[in-house]
Every structure is written in structure tokens, then in C-alpha cells.
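Please keep the model open in your viewer, with the selection panel at hand, and follow the stops below in order.

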Protein chains: 2
Amino acid sequence: MLDKQIVTSAIDSLGLKDFSKATIREIVVVANKVEAQTGVKYVRMEMGVPGLKPDAIGTEAEIKALQSGVAAIYPALDGCKEIKEQTSRFVKAFIDVDSPASCCVPTSGSMQGAYALFTTLKMASDVKDTVLFIDPGFPVQKTQAQIVGLKSESFDMFNYRGKNLISKIEEYLKSGRIAAILYSNPNNPSWMCLTDSELQGIAQLADKYDCIVIEDLAYFGMDFRKDISHPYEAPFQPSVAKYTGNCVMMISGSKAFSYAGQRIGVLAFREELFNKRYDSLVSKMGIGAFGSVLISRVLYCLSSGTAHSAQLALAAMFKAACDGQYNFLNDVHEYERRAHEMKKIFTANGFSILYADDLGTPIGDGFYFTVAYPGLTGGELMRELLFYGVSAIPLDTTGSRQQGLRVCVSFVKNEQLTDLNERLAEFNKNHQ
Amino acid sequence: MLDKQIVTSAIDSLGLKDFSKATIREIVVVANKVEAQTGVKYVRMEMGVPGLKPDAIGTEAEIKALQSGVAAIYPALDGCKEIKEQTSRFVKAFIDVDSPASCCVPTSGSMQGAYALFTTLKMASDVKDTVLFIDPGFPVQKTQAQIVGLKSESFDMFNYRGKNLISKIEEYLKSGRIAAILYSNPNNPSWMCLTDSELQGIAQLADKYDCIVIEDLAYFGMDFRKDISHPYEAPFQPSVAKYTGNCVMMISGSKAFSYAGQRIGVLAFREELFNKRYDSLVSKMGIGAFGSVLISRVLYCLSSGTAHSAQLALAAMFKAACDGQYNFLNDVHEYERRAHEMKKIFTANGFSILYADDLGTPIGDGFYFTVAYPGLTGGELMRELLFYGVSAIPLDTTGSRQQGLRVCVSFVKNEQLTDLNERLAEFNKNHQ
């Protein structure tokens, strides 16, 4: 155990009334302070930040592009030809869905993608003014909705899977106020994955109630229970886009391609949504098609495109993946291996996996998992573990109604696993 | 003259009732169509797009950064240490103003900078809900305000310079509803420059009426009447920041540094505004300081930072400029030379320079200038010139109330100047 007084004073210095509301950044502050004062390194699992090097295909393409002079040249608002074409191929090769190049648009990370979608939705209707978030989820997306001026609804899908999930969603849609349903798949933080029948149900509801689906594929292909890494061959990354044209997929360069630093992602629209006409957009923006407003008004205003060379980097990685020359999931399997080891350590020391299965099938090993410890709330558990040199985040901030922690495996080094085991054993011994 | 029928049908295909409202993109469409059908190249002056190669300092720094692995690493939300420190130095060296590194923030171009400022202002007050644009200006900034939900006011400063400018601005401020004053200096499209006494007057009004000044320095140092390119030596780039702490400067990598493709710019705040506390921000965002909300809420949501390597490219160029190892304005003097030649050609063929002087001093030669032709409105003039293989944009779209065109010199090649002269001569002959 670490020095009690040092940890206590680091925690107290946050001035939080309720520790379960501690944000990632606040946990970071505490861990940094204690590390500085004690010299002991935490096993750090609070930040969802990728920890791997990108494949050379991306950086080499980017360097070549810079050498050829792209730094001087405004990228087209709807993206370079290369990234548009390769995104379209990638979606076909790995999801088995059609999204024409004209409907594929690069953004400054999926963060900008979601912001642009929300901003366009905000102008598209005065009645449908709410985003339904299927929680647990990424809290910043709710802040985005708030800043844009959309309302948020959400529920924790812990107790709603399968048919119950669909009927739960429908309860919200019946209000007529839901503009979009948003979820991430695989799910941050729980690593649950929606099944094909759930995705089909969501698609049917979207069509029935005329709302759009925003599918956040930040962790594309990283449900390692299925190997989707072979282009144009089943199995594919599951997606609602198989079942409705009323949707847009957000594909990030940050996680599966370890390219977070360059802020590059893509929006891949199904053509139906891209061309969908909204009267309110005509009156506000002079044009009616959702995709056109998003590109020529919203993205124009947000940043007039995203770094030219980074577009070409992601395009090169997509291309190599589609050509079968680059297995883009090979490197990130490291997260799977690590999650597997860490789950063993947690469960051997009195913890349970909280979001444990998809309709009976155990969840896969990947970037995140969730844990609980008997008799402690998420806030209490996090506070306690900080005394043992272990940091993560309480689930409360993710919209989960369960008591536990989100564990991110990306920053944990192999040589720290022994530490983790010893620290959790000591914690467990002191809490039985 | 070009084939009348081809040009007429290209213009008619736009379906515009009022040609003076033609946007840049619409002029581009007409010119492209006619070029494709006639094989004749237009002298193209409609797009405000830089046409020079960047200095190798930027791209080399960026390539080195990519080789060192920054593509994998999220940049800090408030920017990398290097760009923060070098921006602060740059502002001191070339404006002679203090903006601490903590108050300097990179953005995905000044486009994102303005959007972030507007978004923060929108949440900062319910009363001050309007941006005052000193026109003529960059029309997209008004679209930004509209999308964010701020109101816009504007006037054409053609007839308001010196004391008249200050009293005209004060008329608007008296309403109590102006959150910010925005202008570009040098001015896009007129290339007028506010004088020090005008900037001082604006600063006093900002303090008196508690509104902020957003100074768009997109064409930093490009008023070539003064050579401001020597670090820490007068003369400096004129700025309102000399006279008020209630302001923020937007410095773009696109024009002076020919780095438009990478979408990189910086916001340099005076410390007073950066730390200024707004009650409305506390209640909406949980923190009150303008700069903190802009970074940790707004920029977080907009894109979570901007491409890591591009930050290091601009930082390297700023550093070399501050160290006196790189005269960043040397290359862009090419625009001055070209504007000088083109103005001679226009005025020799019956045109006049429309926005001609700053309180009696003729404007400098640079990226843009404006022209008028007797007896024709801006829309009529633009329509007519398209028949002669010359494209530009009518001033109406810039908020100017004058009848004329904006001419951008960046895409005109030396070998086209003879064409320009012959075409304008023919036009002039046919219109006398």
C-alpha cells in the first residue's frame, strides 16, 4: 500500500464531493501527484489512449505526400479523391456494405465527425431535437450535443439486450423527438457488441420512426472473437448499415490504425441518408440534402477540411488493407492478449467482470473491460484502489448505472502485470 | 471574346436570378465549363487560395515529427509545448505584444479558431448575442455565426475611416448586444489596413462596452508598405492587442506560410481575455474562464486538437522566423509584385481601384485588390468579363456596398499577364 497521507491529500485536493463523478483527467491528476511524491509507478488504466505504433504504411504515405507539396494545397471540402475512394472500398471489403465514394468524407477525427453530424441535425428539424445515446458510452459525445443545442436521452443497456433492447429504444422513439440514435460497437467502455439481430431491430426502428442511426465504429474490427481482417470475406464487422440506408458510420484512424495524433477519421454515409432532403435545411442553408449541408456548410465552417497529408495516410492504410497486403488488426491483437491476462488477474483477486456477455456469449478481450468488487460502489472502489497504485475510472461518468470501473489496457506494460497482481491481491486481502 | 453561346449557357446553368450573388464556387463552375468547352484558359482571380510552395523548414519539421512517431500520440488539447511557446515568441517578435504560451492555442486553421470563439461566446452570455463584422470581409465567418446561433451586424467601412469608423462602431455597441467585433487586417477583400489610431479607438470601445475584439491576421505582415519581417524590431504588424487585453488574434498558417493544406492556425489570446470569467460559462460548462472553456470543452468537442505533425511544422517556422534564420515574408513578396503588374493592367484599361487608400495613403500591393468599371454594377461587370476569359468575384458577397470585383492574384501566372492585358483591352474597347 502507498503512503496513506499522500494519497488522501492528493484525492482531497480535487475538492470533489462525490468521487464517483471523478473524470479521467482528475484521476490522472491524482496518479501523477502520488507518483511524483512516492516514486511508485501506478498501473494506469484510466486513459483510453492507444499505446501502439502505427504501421509504416501510413506514415510513409504521409511523408511522401508532404514531399510532393500537399502542405500548400487546400484539400477539397469533401475530402481528397484517394480517401473517398479507399473508404468506400474499405466499407465494402470489411463491412460488406455500399457507401459510394461521394458519400465518404474525412473529418478531423471521429470527434469532428460526430460534431458535424449533430450540427447538421440541429438545423434539420425543430421537432426532432434529441439524441438517444445507448449507454454506457463516451461522455464527450453528450457534451457535444449540449454545446450544439440538442437534447440528450440515454439508458444503460446492461439490463436491456435482444428484444428488450429494441422495445426499450422504441419507448424513446415514440415521443417523435429523437433525431438520432448513437452507440459505439464494440462498446466503450463495456466491450459489449450488439448482435446482428439487435442491429436489425435498431434499423427497423430507425426506418419506422424516421430517425437516423450514428454508428460509432471507433474500435473497428477489435471484437477479436471473430476475425474480420480478411477483405471481401465473411465474417464482416457487424453494422446497422446492412439493414438500413438511414445511417452513417464513423470510422476512426485512432484506435484500429493507431493514428490518433493526426486527428483523422471518416464518415461513411449510406447513400439514402446522404441524399435525404430536409425542408428545414433548405430554409436555413439554401440546400436540402443532408450530406451536402454537412460538407459545404458545416465542415466548411468547422475547419474547411482536415490535414491533407493525414487523409492520404489513412487512405494508404485502407488501400493496403483492401488489397490484402496489410492485416490492419494484427498489431492491435496486442490489446487482446493483454486484456486476457489482466482479466485473469482481476478475477483471481475477488473482482468480477461486470458487463460480461452478449446475450449469453462472453464478451471478447480487447481495449476495455469493466470490473466490479463486492460491496463497493464504483466511486468507493476507485478511491480504494488509488491507495494500492492502481488507477482506472468509475463507470458513473459513462452513463452506466452499474457499480464498477472501466479498465483500459492500452497503457499497461507487460512487466507491470506482476505489480498489478500483487497490488490487487493486497487490496483483496484487506477487503475480505 | 469567347463563344457567346457557350458562356451564356454556362452562366444560365447556374440558375441565378441575381448574378451579383454568385459565390466563388459558382464562378469556378462557369469558368471550368467554358474552359472545357472552348479550350481557352481563363485568367482566374476568383479563388483566395495561396499558390506558393511552403518553405522546407515546415515540411522537414513535420516529416521528422512523423518519423519520431507523433502520428500515434494525441496532441494535448491546448496544443503541443513547441507551438505554444513559439507562438508566444512570434507574437512578441513581430507584433511586440505579450501573449503567454499558456494563452496560445493551435486550431485546425483559423476557420476552427473563429468557430471555437463563436461557440464559446454563444455560451458566455444570453444578452450579448451578436457579432459585429467590419465589412467587407470573409463571408464564411457570417455563416459560422449563423450556424453557432449568434446574430450578425455589419457595415461597409468604405465611407467610414478614422474617427468616423470609431463612431460608426460605437453606434452598434450602444445596443449592449455586441459580444465581439471582428475584422481582418490586412483586409480581405479590399487590402485596406486599419491604422494605429483606428486600432486604438476600437480597443477603447471594446473596453468601454465590454466586448471582445477578434482580429483576423490571416494575411499577417502582407501589407508590404512596411517591412515587418525582422524579429524584435520595429515596425511591427499593427494590432489591436497593443491597446487592449480584451482581444484574441487569429494567425493562419495558410497564407503567410503557404501551409493551407494542413489546416493549421493559432489563436493568440491576451491574458486578460483568456482568464476572463463569465458566470454563464460556469453555469453551462462548470468552469468560468473563457480560455479554459474554449480549450477543455469547445476544442475538445470540435476535434480534440489538430494534427500533431502540423503543429510542429508551424512551430518550426515560427521558431526560425523569431531566431532571424528565416524571413517568412520573402516568398510571399511574389504576390506584391504580381498585384503591382495587374493593377497597372486594370487601370490602363479603364478600370479604377475601388478601395484605394487608407486615410489618404494608397493601399499596398498584396494578395487581393478591388476594381470597378464605370457604369457597371459588380454583378454586371463579372458577367461581362466572363465572356472575355477573365474570372473574379462580385463584391456583394463580401458585405461591400460598392459596385466592383475582388481580384485575387495568387493563381495568375506571369505568362498570363499578356492575356489579361489583351482581354481587358478588348473588353474596354467594347464598353466605351
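A polar contact is taken here as a pair of N or O atoms within 3.5 Å, where, within protein, one atom must be able to donate a hydrogen and the other to accept it. This is a predicted model, and by that criterion 18 residue pairs, both at pLDDT 80 or more, are in polar contact between chain B and chain A.

**The interface**

Select chain B and chain A together, and then show the residues of each that touch the other: the contact takes 50 residues from chain B and 50 residues from chain A. The area buried between these two chains is about 3900 Å², and carbon and sulfur atoms give 66% of it. Now pick out Tyr74(B), Ile147(B) and Cys301(B), which supply 17% of the area that chain B buries against chain A, more than any other three residues. If you look for salt bridges across this interface, the rule finds zero.

Next, colour the helices on the side of chain B that touches chain A; among those supplying at least two residues each are helix H3 (56–67), helix H6 (139–148) and helix H11 (290–302) of chain B. The residues on that side of chain B comprise 26 nonpolar, 18 polar and six charged.

**A covered strand in chain B**

Move to strand E6 (residues 212–217) of chain B, where six of the six residues are buried. On one side of E6(B) lie Ile212(B), Ile214(B) and Asp216(B), while Val213(B), Glu215(B) and Leu217(B) lie on the other, and both faces are covered.

**An open sheet in chain B**

Staying in chain B, select the four strands of an open sheet with antiparallel pairing, in the order E9-E12-E15-E14. Its edge strands, E9 (352–353) and E14 (393–394) of chain B, each pair on one side only. Strand E12 (residues 368–372) and strand E15 (residues 405–408) of chain B are joined by four bridges and run antiparallel, with Thr370(B) opposite Arg406(B).

**A strand pair in chain A**

E2(A) pairs in the antiparallel sense with strand E8 (residues 265–269) of chain A over four bridges, and Pro106(A) stands opposite Val266(A).

Methods:
Residues numbered from 1 in each chain as written. Chains lettered and ligands numbered in written order. Predicted model: local features only at pLDDT ≥ 70, side-chain atom pairs only at ≥ 80, totals over all residues. Heavy atoms only, no water. Contact = heavy atoms within 4.5 Å. Buried area = accessible area lost by both parts, 1.4 Å probe. Salt bridge = Lys/Arg side-chain N within 4 Å of Asp/Glu carboxyl O. Polar contact = N/O pair within 3.5 Å; in protein donor to acceptor, adjacent residues only side chain to side chain. Nonpolar A, V, L, I, M, F, W, Y, C, P; charged D, E, K, R; others polar. Buried < 20%, exposed > 50% of the residue type's maximum accessible area, 1.4 Å probe, protein only. Pairing = 2+ DSSP bridges.
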